[in-house]
Amino acid sequence: MTAKTLTIGELAKASATTPRTLRHFEALGLIKPSRSENGRRVYTLQTISTLARMFLLKRMGFSLAEIRPWN
């Protein structure tokens with residue numbers, strides 16, 4: 001059985017953020033999408049959990065640089 005994957009738009013909607021933010025997090029190394037056969041980003045459901053933890057830490061006052069080692 002293959003794991004469910006999400007497109008960048010689906011993940012943005014599920015995490016209440018934008019594709020631009022997700023691309024920024026990827027550039028910083030905070031999330032690491034796989035690529036589909038046609039080169040599009042695909043994310044696993046685990047990424048939603050990672051984003052939820054990141055957003056919680058941001059609300060607690062941590063910077064993205066401080067969060068990076070925890071991912």
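**Figure 1. Four helices and three strands make up the chain.** The model is predicted. Along the sequence, the elements run in the pattern β-α-α-β-β-α-α. The C-alpha atoms fill a box of roughly 35 × 20 × 20 Å along the principal axes. Among contacts with a separation of 6 or more, 47% join residues 24 or more positions apart.

**Figure 2. The three strands form an open sheet in the order 1-3-2.** The pairing is antiparallel. Strand 1 (5–6) and strand 2 (34–35) stand at the edges, and each has a single partner strand, so one side of each lacks a neighbour in the sheet.

**Figure 3. Strand 1 pairs with strand 3 (residues 41–44).** Two bridges join strand 1 and strand 3 in the antiparallel sense. Threonine 5 has threonine 44 of strand 3 as its bridge partner. Leucine 6 is bridged to tyrosine 43 of strand 3.

**Figure 4. Strand 2 pairs with strand 3 and forms a hairpin with it.** This pairing, too, is antiparallel and runs over two bridges. Serine 34 stands opposite valine 42 of strand 3. Five residues lie between the two strands of the hairpin. Glycine 39 in this hairpin takes a positive phi near 90°.

**Figure 5. Helix 3 spans residues 46–59.** Helix 3 has 14 residues. From first C-alpha to last, helix 3 reaches 20 Å, close to the 20 Å expected at 1.5 Å a residue. Glycine 61 follows helix 3 and has a positive phi, near 105°.

Figure 6. Which residues of helix 3 are buried? They are Thr47, Thr50, Leu51, Met54 and Leu57. What do the buried residues of helix 3 pack against? Their partners are helix 1 (8–14), helix 2 (19–27), strand 3 and helix 4 (64–67).

**Figure 7. Surface and burial are shown for the whole chain.** Buried residues make up 28% of the 71 residues. The accessible surface of the chain comes to about 5000 Å². Carbon and sulfur atoms account for 56% of that surface.

How values were computed
Residues are numbered from 1 along each chain as its sequence is written. This is a predicted model: local features need pLDDT of at least 70, side-chain atom pairs count only at pLDDT 80 or more; totals for chains, interfaces and linings use all residues. Side-chain values use heavy atoms; hydrogens and water are left out. Two strands pair if DSSP finds at least two bridges between them. The expected span of a helix is 1.5 Å times one less than its number of residues. Buried means under 20% relative accessible area, exposed over 50%, partly exposed in between (1.4 Å probe, protein chains only). Contact means heavy atoms within 4.5 Å. Accessible areas come from the Shrake-Rupley method with a 1.4 Å probe; for residues, only the protein chains shown count as cover.
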